[in-house]
Structure formats: structure tokens, C-alpha cells
Amino acid sequence: MNLRKLGLVALGAALLVGGISAPPALAAETQYFPSLVYRTGPYAPNGVPFANGYSDYLLMLNERDGGINGVKVEVQECDTAYNNDRGVECYERLKGSGQSEPTLFNPLSTGITYALIERARADGNNIVSGGYGRADASDGRVFPHVFTLPITYWAGADSMIQYVRAQEGGSLKGKKIALVYHDSAYGKEPIATLERLAGEEGYTFSKFPVAHPGLEQKATWLQIGRQLRPDWVFMWGWGVMNSTAIKEAASVGFPMEKFVGIWWSASEADVIPAGDSANGYKALGFHGVGAGFPVHADITKHLYGKGMGAGKETVGDVLYNRGMFNAVVASEAVRIAQGKFGKRALTSKEVNWGLNNLEISNARWAELGMPDFARGIKISCADHEGAGSSYVQQWDGKTWSKVSDWIAPNNSALRPAYESSAAQYAKENNIAMRDCK
Amino acid sequence: MIYREAGQFKSSYGADQAIFPIRQDRIALVILLALAVVAVPLFAAPYWLETILVPFLVFSMAAIGLNLLTGYCGQLSLGTGGFMACGAFFAYKLSTAFPELHIVLVFLLSGLGTAFVGILFGIPSLRIKGFYLAVATLAAQFFLVWMFNKFPWWNNYSPSGVISAPPRALFGDIYLTGIQATPEIKYSFLLVFVAVMALVAKNLTRSRIGRTWMAIRDMDIAAEIIGIRPLVAKLSAFAISSFYIGISGALWAFIYTGSVEALAFDINRSFQVLFMIIIGGLGSILGSFLGAAFIVLLPILLSNAPTALGLEISVELISHMEFMIFGALIIFFLIVEPHGLARLWQIGKEKLRLWPFPY
């Protein structure tokens, strides 16, 4: 190796590094939305539509309304590849790189959420883990900066049980329910709730962990389909695990109508690879499906019509809509905080106030061009879940459609569970609970 | 010209056997350490400390551990991730069960526990070698991660299986883990801790035990004939290597990420550390640091570079480019210098000693 060349390479590298640490220029009237995405890696098929939906909605606000009350929106992405240490690195990189303080972070992975909760607490940043992350972060007294809106995994498990109970004619006594789950922090979340409900409702509950990434499920499904023969199967899967499970369920002849996935097992990327065998498969959702909302027309007109936008083919996908949902939450929090602090770029702390007082009513959803897109959400100091609801959607081979009414989780039973879990966390980590009186 | 050792006479065995026999090296080392101890925590941005230097130091520790086993003793291991998980979960159990235990003691004890696990999984090395041993250590990797995932006792029955490092002070009010810990404290502690452990490792390899490892590595039958007991040599290599790797796992969980699940220590982690020592240089403590720096810093540098240069490139393209450049660089290094960066460094030093009159 020519040492002179090596020296040049090293020098070039050193110069680059020098460039990186230069502080970003500050301009006042831009609100900065950092976005942790995964457009690469094993879960990219799920990550891409979400990232597109998030940035499309926010950038559409710039084009259609000139920003949020005149404050322009800036979106910066960093690719985590769904990898926890990359997620931490991205968070550290993005938190200081915008033109204003970061509005909020969507870690978009339960593992990354866990890794960021305490960092964000120390830095004064906000985390919105909508439909993932720590369920007990719904207790705003212990987690003033984390928001689980609109609904947690525990509430999702509760809603699934409510749905199947209604389908079974009001009682689950003597029924058999199986849970097929990704053997990770994410997949284990519903177990405690389902076990508690098993005692209350009288069904027998069995668990089937699937090792990451979930391509090998033959034995699991033979056991389910041939030996256990449950009445219902629930799934907490992610990525390629979902379509594999659907294929295997079909191959052992398990009826798809009795197979219900969580909202992360509910996208086009999960059912299309399974082909016709996926017809009839059900899953929970907490926001509307399809590209038929007025806001989609706005995005098409103001972004794609002008040659902008992140990816036209993903518009209206389930996960695209979920990205939009999160973007609405973020932009509405800013709007509400602007009502108190003035129409300018806000700090993270001011946005935190907006999130703590967030209210998106059913009427507001309609005003935003998304009638009946999601149920009304109302966050309070103590309740960071916001009493959201979910519904059951079903795949017919071409599209997802809504097949149940909105199901409100039984929060009177879930709330004490959140609070005791959060209290234990507070005790282990010496966190003083804030007073919400 | 400045790098010349003419006139430096050694008048004792001690001076002759020093780790850095050349005076200029010693001066450079002192300057480097002074920079690292004083200047870096003072002037580096938190982003640098938190996401670049901290993981670099933690990985250096893991790489030193694996280098002792693979580079010095010649026992190929793919169980690094599993042993790191051991360290992390042992440390978690220890520090939650005995909150009054000092955090440094927790790290050392978790390393000790991992050393025993290492011995257990090192036993097959007495019978099998090379690829077959790699497969046996692969079993350790999968078994350990499975165990920590399977039994909720390990994570104190947390519903999600994630362990979070409890806040622990280094002394008094200076917290090393948890929310109150500042990046400066984390970095400074790791720097001192890893430097001391590296010094111990360096001296181990220069001592009797290190020489028996190298004899086993170079030819185990010959080593046995001249009186080295393979049992002691191989198992001590497994034990000490696992000790280092276990501590690095505990540091990873407690100081770097703050919370981990067992899946964070999957097979990819093992490969990552193995690549570090291959690129850095097998059988070299310096190589462990260089390899860790290469593997940790390069992807971050590559993903930061386009933004720093003001280029508008979409994130997915950056990610893909990063993979390609990284892969190409690894191949390049393996072709140009299969003995790793440490060997490059050594060649550079040799040339510098003769410069400007090479022969």
C-alpha cells in the first residue's frame, strides 16, 4: 500500500469529520420535524410507506397552506434500518441538526423507543410511539415526554378479545385462543393482558413464539392446525413473519376469518405475498384505509402534481396512512402549542405542552380532510394514550376494508395496569412522578 | 528524521522489554492520552462522545477479548454476541439484586461470570479445531441468546423482555448510568477503564500465559511436546477472552444504549466483532482498537459525509452506498493487507525509521 495515498485518504477523512461538527445555522421561522425511518434493511417494505406518508403530509402543509400557520415545515430523515444502535445514532445526529429544536421523534420501532426514552427525557425531547413502544408510557405522570396515542398493544389485545367475544355471541368460555408472536420486546407486550383476560373470560390461552425473522414457522403451524385447533389465532408479527404466517396458516387449513393480526400485521406488504390464501385475513387498524380521503387528493395535487413527494405508488397504503396519522398528530400538537406560545417556530418544551393538551376531535379529523379517519383523541397530563379506538379490517384479495365498528378498549381495567407498571419503572429508575392534579 | 532511535541506550532488562521501547512512541502516547483525557471531553460535541466514542471504546473492549482468543490462541469463536449478552444480563441481575454493589464491581463480577460460561463452552476446543470449533461456539451464541429471551427471570419479569440499566453512581453524585449520566462522564470512565484493561491484556500477551497461547496457536502438537498443557492454555484463553467480552457486553447495555433486549446480541454482533479483529489485525492489541474504530466509525462517517458536503442525496441511497463502500473497503483491505491495519501501522513505522534513506 502506498503510504502517501493512505495519508491523503486519512487527511480527506479528517477534513470531512471537521465539516460535520460545524453547528447548523439558525433561522427562526421553520419548524423542524426529525424523522427516523427505515428505507433499507429487512423491514424496508414496511418502513418505506410509513416514511413517505409522514413526510408527504408535512411537506404538503408547506405547499397547500404555506406551513403550519405560516411557519414552514422542515423534515430531515435518518435511516435506522430498524437497528437499535443505528437508531440511537440517528437520534443523536438529528436532535441538533434542524433549524429549530426537534418537534418530536417517532422511533418507529419498539426496540428503538426503549433505547430513546431515557435519552429523550434527559434532552427534553418528545417521543410519540403511536401504536408501539412501552404500553405503560401511557402514564403521563412518569413519562411526561412519551405519548402512546392513540392506542397501546395492551389496549389492542383487549380490543381483539372484545371483537372475538362479540363474534362468538357474547362469551368466550371454553374457547381456545392462540397467540403467534415475534419473539422480541414487541411481540411479548400483549401476553400479560391476554393472560389476565383468559382468567376473566374463561378461554384457554396458548403462546407460540416465532424466532426472528420468522421465516421458519412450519412446526408452529402444524402444532396449531393439527394438535391445538384453536378457535381464534392472534398474531403480533412484523415484516416477513406476517406473510409467512398467513401462508402457513392456509397450508394447515386454518380459516382466515378466525385469524386476527395486530395493526403491524395489517399492511398490503403482509398479505400480497401470501396471494389468494390471504383472502379473509383480519387485522386491527386505528386509522382509515385506502386513498379515498380528501387529504389524499390534496397530497396528489400539491405534491405529486408539482413533481414532489416521496413515492406515488405508496399513497393510500395502510402504512402510508399510518405515517400520515403520525404527521397529523405532530402538526396538530404544533398548532395547539402555537395557540399558546404564538405563531413561530417552537421549542421542544413548547411542543411538549401542545402534546400534553392535544385534542383532535372527530370534527377536527373531518376538517383536516380525513372524516372518520380515526377516532377523537384527547391527551391529558396523566393520560398519554388519549382514549383511542381501533377497528377490525379485512383483506378481500384486493383491498382492506373496515368490517367492524370502532372498538373502545376497556380502559378501566387497563389503566391500573399501566399505572402500576409505570410506578415500578419510576421506582427502579429514581424518577419523581409529576403531579397531575 | 524525528523518528529515530539513535542515542537511546537501554541499560536494563526492564527498559529493553518495555511495551514502547522507542522514546518518540512514549511521547506520542502521552500526548494522545492527554488529548483523549482532557481535550476530547472538553471540546467534543455530545454527539461525538455519545454515539461515536462510547461505542468505539465498548467495541474495542470486545475486540480485545476476541483477539486474545482468536488472534493469540488461535481458537476461532463465533460466540461473541452470546458472551456479550451474558455480561449484560449478569450485570443487570447483579445490580438490581444488590443495588448497593458498586457499579465497577458489578462490571467485573459480570465479566467473571461470563468467564465461567466461556470455560464451559471452551471445553469442546480440547477436541476440535478450526471450523468445527466455530460451529461449537455458534451453539453458544444461539443457546445463550435463546436462554436470556426465554426465561423472564433474567429480565426481572419485564413484560417486554427489555432490560434497562438502573441509575448507578460512580461515586457520590456522579452517575455513570441512567438519566443523570452525562456523555462526558461516560466517555471518561470508559476511556480509563478500557485503557487499564487493554494494558492488562497487553501484558498478559507478553507474559508466560500469552506465550503458551501463541505456542498453541502456531502448532498445538509442538506446544504440547515442549510441555505446554493444552487444557490450561486453551481454557485460560477462553476464560480471559470471555471476561473481556462479558464486560464489554455489560458496558454496552449499561453505558451505551441504556436498555437492551437479548436480540441486540444476535449473530450479527459476533460477526461484527470478528470483522473488527480481522480488519484490525489478528494477534494485536492495537489492532483491536484500529478494527473497532474502522467498523464503528466508517459507517457513521459514510452516512454523514454527503450531508456534510452539502449533497442532496436521499437517505435510502446513502444507506445503500454505505453498504457498498463498506463492503468494497473490507475486500480492499483484505487483499492489500491481510494482516490488518495493525500491520499497516507497523510497516509505516518501519519506513519512518529509515526515512528519508530507504534501502
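User: A residue is buried if 20 or more other C-beta atoms lie within 10 Å of its own. What percentage of the 359 residues in chain B do buried residues make up?

Analyst: Happy to start there, and please keep in mind that this is a predicted model. Chain B comes to 14 helices and four strands. With the cut-off of 20 or more C-beta atoms within 10 Å, the buried part of its 359 residues is 47%.

User: What radius of gyration does chain B have?

Analyst: The C-alpha trace of chain B spans about 65 × 60 × 45 Å along its principal axes. For 359 residues, a compact globule would come out near 21 Å. Chain B agrees with that expectation, because its own radius of gyration is 21 Å.

User: How far apart are the end C-alpha atoms of helix α10 of chain B?

Analyst: Helix α10 of chain B covers residues 230–257, which is 28 residues. At 1.5 Å a residue the helix should span 40 Å. The value from the model agrees with this: the end C-alpha atoms are apart by 38 Å.

User: Is B:Asn156, with 14 other C-beta atoms within 10 Å, buried or partly exposed?

Analyst: B:Asn156 sits in the loop between α6 (130–150) and β1 (163–164) of chain B. Its phi is near 55°, a positive value in a residue other than glycine. Most residues other than glycine have a negative phi. Because buried takes 20 or more C-beta atoms and exposed 12 or fewer, the 14 found around B:Asn156 make it partly exposed.

User: Which helix of chain B supplies the largest share of the side that touches chain A?

Analyst: The contact between the chains takes 37 residues from chain B and 39 residues from chain A. In chain B, α3 (46–72), α12 (285–308), α13 (315–336) and α14 (340–354) each supply at least two residues of the side that touches chain A. The largest share is six residues, and the helix that gives them is α13(B).

User: By class, how many charged residues does the side of chain B that touches chain A have?

Analyst: That side of chain B has 19 nonpolar residues. Another 13 are polar. The number of charged residues there is five.

User: Which residue of chain B does A:Arg121 touch?

Analyst: A:Arg121 is found in helix α4 (residues 110–123) of chain A. The residue is partly exposed, because 17 other C-beta atoms lie within 10 Å. Within its own chain A:Arg121 touches A:His145, which is 24 residues away in sequence and 6.6 Å away in space, C-alpha to C-alpha. Across in chain B, A:Arg121 touches B:Ile179.

User: Which element gives the most to the side of domain 1 of chain A that touches domain 2 of chain A?

Analyst: Chain A is divided into domain 1 (30–151 + 289–388 + 410–428) and domain 2 (154–285), with C-alpha centres 27 Å apart. Their contact takes 18 residues from domain 1 and 16 residues from domain 2. On the domain 1 side, α2 (44–65), α4, α12 (318–341) and α15 (411–428) of chain A give two or more residues each. With three residues, the element that gives the most is α4(A).

User: Is A:Leu108 buried or exposed?

Analyst: A:Leu108 has its place in the loop between α3 (84–94) and α4 of chain A. Its phi is near 60°, which is positive although the residue is not glycine. Because 27 other C-beta atoms lie within 10 Å, A:Leu108 is buried.

User: Which residue does a cis peptide bond join to A:Leu149?

Analyst: Most peptide bonds are trans. In this one, omega is about 0°.

User: What percentage of the 437 residues in chain A do buried residues make up?

Analyst: Chain A comes to 15 helices and 13 strands. Its radius of gyration is 22 Å, which agrees with the value near 22 Å for a compact globule of 437 residues. The buried percentage in chain A is 57%.

Methods
Residues are numbered from 1 along each chain as its sequence is written. Chains are lettered from A and ligands numbered from 1 in the order in which they are written. This is a predicted model: local features need pLDDT of at least 70, side-chain atom pairs count only at pLDDT 80 or more; totals for chains, interfaces and linings use all residues. Two residues are in contact if their C-beta atoms, placed from the backbone, lie within 7 Å. Ala, Val, Leu, Ile, Met, Phe, Trp, Tyr, Cys and Pro count as nonpolar, Asp, Glu, Lys and Arg as charged, and the others, Gly among them, as polar. Domain bounds come from an automatic or database domain assignment. The radius of gyration is taken over C-alpha atoms; the globule rule is 2.2 Å times the number of residues to the power 0.38. The expected span of a helix is 1.5 Å times one less than its number of residues. Lists of a residue's contacts leave out its neighbours within four places in sequence.
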